[in-house]
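Look at the structure first, then read on.

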Amino acid sequence: MVEYRIDRRSGVATYLQIVQQTQQALRLGLLEPGDKLPTAREVVEATAINPNTVLKAYRELEREGLVEARRGLGTFVRRTLGAAAPADSPLRAELADWARRARAAGLDREDAAALFGAVLDENFPKGEQ
């Protein structure tokens, strides 16, 4: 089951953080079709956010066709996203090694994210699938 972490300082709307974290879990294979998302109550207890925020995120995921709400049962994953490398892939291990080297070289999280983002932009031009 996915555990949401809310960063109140990120400038990203809380419901979008839930949507993005769910999408990431789908891309990484951490969530698969048939898996149940945490209930709104469970998310509220873990994150101290408004229940309507969780419901808004789940409605957005449902609108995107990623999940479906089943009355009285919960919200379930309908489909996955992309073909990202699974959590145990060699690509992930290489990226984790790169992140450790970046940290050892004195980069903070934001610096590493900016560098990685720049390299992504160079190799995956915007608008290209």
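Which residue lies over the face of Y15? K56 does, at 4.2 Å from the ring centre. The model is predicted: local features need pLDDT of at least 70, side-chain atom pairs count only at pLDDT 80 or more, and totals for chains, interfaces and linings use all residues. Residues are numbered from 1 along each chain as its sequence is written, and side-chain values use heavy atoms, with hydrogens and water left out.

**Charges over rings**
- A charge sits over a ring if NZ of Lys or CZ of Arg is within 6 Å of the ring centre and within 35 degrees of the ring normal.
- R70 lies over the face of F76, at 4.1 Å from the ring centre.

**The aromatic pair**
- The whole structure holds one aromatic pair (Phe, Tyr or six-membered Trp rings with centres within 6.5 Å).
- The ring centres of W98 and F116 are 6.2 Å apart and the planes are at 45 degrees, so the pair is tilted (stacked is under 30 degrees, edge-to-face over 60, tilted the rest).
- W98 lies in helix 4 (residues 90-104) and F116 in helix 5 (residues 109-123), so the pair ties together parts 18 residues apart in sequence. Helices are DSSP runs (H or I, at least four residues), numbered from the N terminus.
- W98 is partly exposed, at 25% relative accessible area. F116 is partly exposed too, at 33%. Buried means under 20%, exposed over 50%, and partly exposed in between (1.4 Å probe, protein chains only).

Technical notes:
Helices (H or I, at least four residues) and strands (E, at least two) are DSSP runs, numbered from the N terminus.
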